[in-house]
Amino acid sequence: MPLAAPSILAADFAELQEQVALADKSGADWIHVDVMDGHFVPNITFGPLLVSAVNRITERFLDVHLMIENPDFFLEDFAKAGADSLIVHYEAVVHLNRTIHAIKDLGLKAGVAINPSTPTEMLKEIINDVDLVLVMSVNAGFGGQKFIESSYRRLSEVKALIPKGREVLVEVDGGVTPENASKLVKAGADVLVAGTSVFRSGDIPGAIKKLKSA
Ligand code: DX5
Ligand code: ZN
C-alpha cells in the first residue's frame, strides 16, 4: 500500500487547522509541506513558522519539500519547527552530499528531489546516502499543474538505481490523482504526494482513501 502525503499547498488556509486535522483523521500517512522562496521557483509560500503550526495540529510525519536556494542556511530552523524529513533539490544544491548529511545529523530523514528535466542518472552518487527521492512530475513551483507523462518511466529508473538491501522511499509529486495513482505505484512510487486532488476535491477523506487503495 502506498503512503498518502496530502500537500497543504492546495488547502484553504483560512481553515488549515480543520483541513489538516481531517486529513490526519482520514488516514493521511504524511503531511507534505511545500516551501518556496521566489528564487529557485517563481512562487513564494511559507517557512518554519508554518511547519511549527502544522506540527501542533497533527502528529503525522511532516515531509518538508524545500524548493529554495541555499537550503543549508535553514535546515536547523526547519528541524526545530518539527519537520520529520527535509527534501532538497538536486538543482539547487552544490555540495549535495554535505547537505544530505547535515540533514541526517539533525536526526531527520534526508531526501533529494529532481525536476522533470534532470536526468535520473544524476542520482547515482547520492542514492547510497538518501532516505527519500522525490520525483517531480510537474515543474516545481505551483499546485494544480498537468502531470508530465515521462514521470512513469522516471520513477522506474529511480527505483532501478536503488541498491539491493537499501531502503529508499520514492515519492512522486505533481498532478497526482486517484486516477493515475495505481499506475504510479506500479512504476515505483512508494509515496503519493497530492495537493489539488485531495484538498480541492470536496471530499478529503474519500480522496485519501482512493490514493491509498491504489
Ligand atoms: C509543486 C509542489 C507540489 C504541489 C502538488 O511544486 O511540490 O507538492 O503541492 O500539487 P498538485 O497535487 O496540485 O499538483
Ligand atoms: Zn512538493
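Q: Which atoms count as donors to a metal?
A: N, O and S atoms within 2.8 Å of the metal (3.2 Å for Na, K and Ca); water is not among the atoms, so sites may look incomplete. This is a predicted model, where local features need pLDDT of at least 70 and side-chain atom pairs 80 or more, while totals for chains, interfaces and linings use all residues. Residues are numbered from 1 along each chain as written, chains are lettered from A and ligands numbered from 1 in the order written, and side-chain values use heavy atoms without hydrogens or water.

Q: OK, what holds the zinc ion (ligand 2)?
A: H32 (NE2), D34 (OD), H65 (ND1) and D173 (OD), at 2.0 to 2.3 Å. Along the chain they follow H-x1-D-x30-H-x107-D.

Q: What's the geometry of that site?
A: Octahedral, with six donor atoms and angles of 70 to 169° (opposite donors over 155 degrees apart, all others between 65 and 115).

Q: And H32, buried or exposed?
A: Buried, because its relative accessibility is 0% (buried is under 20%, exposed over 50%, partly exposed in between; 1.4 Å probe, protein chains only). D34 is buried too, at 4%.

Q: Where is N70?
A: In the loop between β3 (61-67) and α3 (75-81) (DSSP runs numbered from the N terminus: helices H or I, at least four residues; strands E, at least two). N70 is partly exposed, with a relative accessible area of 41%.

Methods. Tetrahedral: all angles 85-135°; square planar, octahedral: opposite > 155°, others 65-115°.
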